[in-house]
Amino acid sequence: MQIILENLYQVLESALPGQVSYGTRENIKEANDYIVYQEISNRGTVYADDKVQMRVATIQVNLITQKKNLELEERLELYLYLSDYEFQMLSEYTNEDGSINRVYEIKLEVI
């Protein structure tokens with residue numbers, strides 16, 4: 001799983017260099033726009049002889065921007081698409097401070 005997360009990190013860094021963190025915003029320099037990603041589930045889906053043969057990991061990617069940024073949204077989605085990540089945009093909402101939070105979900109098969 002570590003390799004999968006490292007590969008995803010590289011893709012996200014391509015979209016917004018230096019502003020990507022796993023799980024929290026702690027390692028991000030002061031910035032108006034940043035990406036936080038995390039693994040939110042990892043479930044067995046295929047079993048044989050009472051052992052998991054395949055799992056589906058769900059990764060959540062949050063793009064947080066100071067204001068609506070269509071260019072950055074398109075760049076992120078393009079990099080995900082070109083890197084063969086199947087994603088869904090789940091929601092977009094305004095945070096208490098007026099920033100925009102756009103939430104993506106990526107499902108990955110782990111064998």
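A: Let's start with Glu73: at 5% relative accessibility, this residue counts as buried. Keep in mind that we're looking at a predicted model.

Q: Which residue does Glu73 form a salt bridge with?

A: Here's the general idea: side chains of opposite charge can pair when their charged atoms come close. In this structure, Glu73 pairs with Arg102, and their closest N and O atoms are 3.5 Å apart. Glu73 sits in helix 2 and Arg102 in strand 5 (residues 100-110), so the pair ties together parts that are 29 residues apart in sequence.

Q: Is Arg102 buried or exposed?

A: Buried: the relative accessible area of Arg102 is 12%, and the cut-off for buried is under 20%.

Q: What about Glu77, and how far apart are the closest N and O atoms in its salt bridge with Arg102?

A: They're 3.2 Å apart. This pair also links distant parts of the chain, with Glu77 in helix 2 and Arg102 in strand 5, 25 residues apart. Glu77 itself is partly exposed, at 22% relative accessibility.

Q: Where do Glu92 and Lys68 lie?

A: First, the contact: Glu92 forms a salt bridge with Lys68, with 2.6 Å between the closest N and O atoms. Glu92 is in strand 4 (residues 87-94), while Lys68 is in the loop between strand 3 (51-65) and helix 2 (70-82), so the pair ties together parts that are 24 residues apart in sequence. Both residues are partly exposed, Glu92 with a relative accessible area of 33% and Lys68 with 38%.

Q: How many salt bridges does the structure hold?

A: There are 6. Salt bridges that share partners join Lys68, Glu73, Glu77, Glu92 and Arg102 into one network.

Technical notes:
Residues are numbered from 1 along each chain as its sequence is written. This is a predicted model: local features need pLDDT of at least 70, side-chain atom pairs count only at pLDDT 80 or more; totals for chains, interfaces and linings use all residues. Side-chain values use heavy atoms; hydrogens and water are left out. A salt bridge is a side-chain nitrogen of Lys or Arg within 4 Å of a carboxyl oxygen of Asp or Glu. Helices (H or I, at least four residues) and strands (E, at least two) are DSSP runs, numbered from the N terminus. Buried means under 20% relative accessible area, exposed over 50%, partly exposed in between (1.4 Å probe, protein chains only).
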